[in-house]
Amino acid sequence: MVAPMEQSIHRDPALFYWILFPITIVMILTGVLRHYATVLLATTPKKLELPAQREQRSLLRGINLRSNASAISPSAFAARKNHMISAYKEGSFLKDPQNRGKPAPNPMTDPAAMEGMMGMMKGNMAMMVPQTLIMTWINAFFAGFVIMKLPFPLTLRFKSMLQSGVATRDLDVRWVSSLSWYFLNLFGLQSVFIFILGNENAANQMAQQMSQMNPGAGVNMFQPGQDPDKVFQSEAENLEVLEHEYILKGVEERLLCSI
């Protein structure tokens, strides 16, 4: 059986040093600068007042009760369930009980919501502006170059990912274009950034996108413009319809049967 001929391209060896290395170095330096720019632009979150903390922790307590209900006995679950449902329906945990039943305030007039929107806008600017400039730079100087060949075989599904900007149908899928090398660096330099900046860095593209999708995670249980009373009523309904099943029910029989 005749082995298939390996495809070869005569390339200038200087392309490896004048395209691959500059793109990689610029991407690393851009990530470091983006990290420090994000740190400088970040605003210190304001400390929540005690009623606001109580309101959020009470909702989190009900969520935890539903999630871990099987770990407590039926009597303990019933006592906690009845207490939480009655408190939710009576509005005992609300930060402003006098505003119960009134329409939710406009988030555009809420200073905390406006501050969160400004912080998210700053993060978007710190992420989009450098990437736009680098993309323009690569398209202007390095578009259409094939810079390297991967040493392992790949399927045709990787062709569109590795050969962006090179419109050749017969080119081996292992060849990598300069534009594709940019995208590979964009999503593959996380380990380098962790080594340089530590685990809690703002240089990672994917981490920034995930944090912007849910900017209030771990800080505020309520979204801007959301009525806390309606959220508590919904949580009370979730607790009412929850069917409790104790994880240790009949454990003695199960243990004896397994022996």
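Visitor: Why is K89 called partly exposed?

Guide: K89 has a relative accessible area of 41%. Buried means under 20% relative accessible area and exposed over 50%, with partly exposed in between (1.4 Å probe, protein chains only); K89 is therefore partly exposed. The model is predicted: local features need pLDDT of at least 70, side-chain atom pairs count only at pLDDT 80 or more, and totals for chains, interfaces and linings use all residues. Residues are numbered from 1 along each chain as its sequence is written, and side-chain values use heavy atoms, leaving out hydrogens and water.

Visitor: What makes E240 and K89 a salt bridge?

Guide: The closest N and O atoms of E240 and K89 are 2.5 Å apart. The term requires a side-chain nitrogen of Lys or Arg within 4 Å of a carboxyl oxygen of Asp or Glu, so the pair qualifies. E240 lies in helix α9 and K89 in helix α3 (residues 74–90), 151 residues apart; helices here are DSSP runs (H or I, at least four residues), as strands are (E, at least two), numbered from the N terminus.

Visitor: Which residue forms a salt bridge with R66?

Guide: R66 pairs with E235, their closest N and O atoms being 2.5 Å apart. This pair joins helix α2 (residues 50–67) to helix α9 (residues 228–240).

Visitor: Why is E235 called buried?

Guide: E235 has 4% relative accessibility and therefore counts as buried, whereas R66, at 30%, counts as partly exposed.
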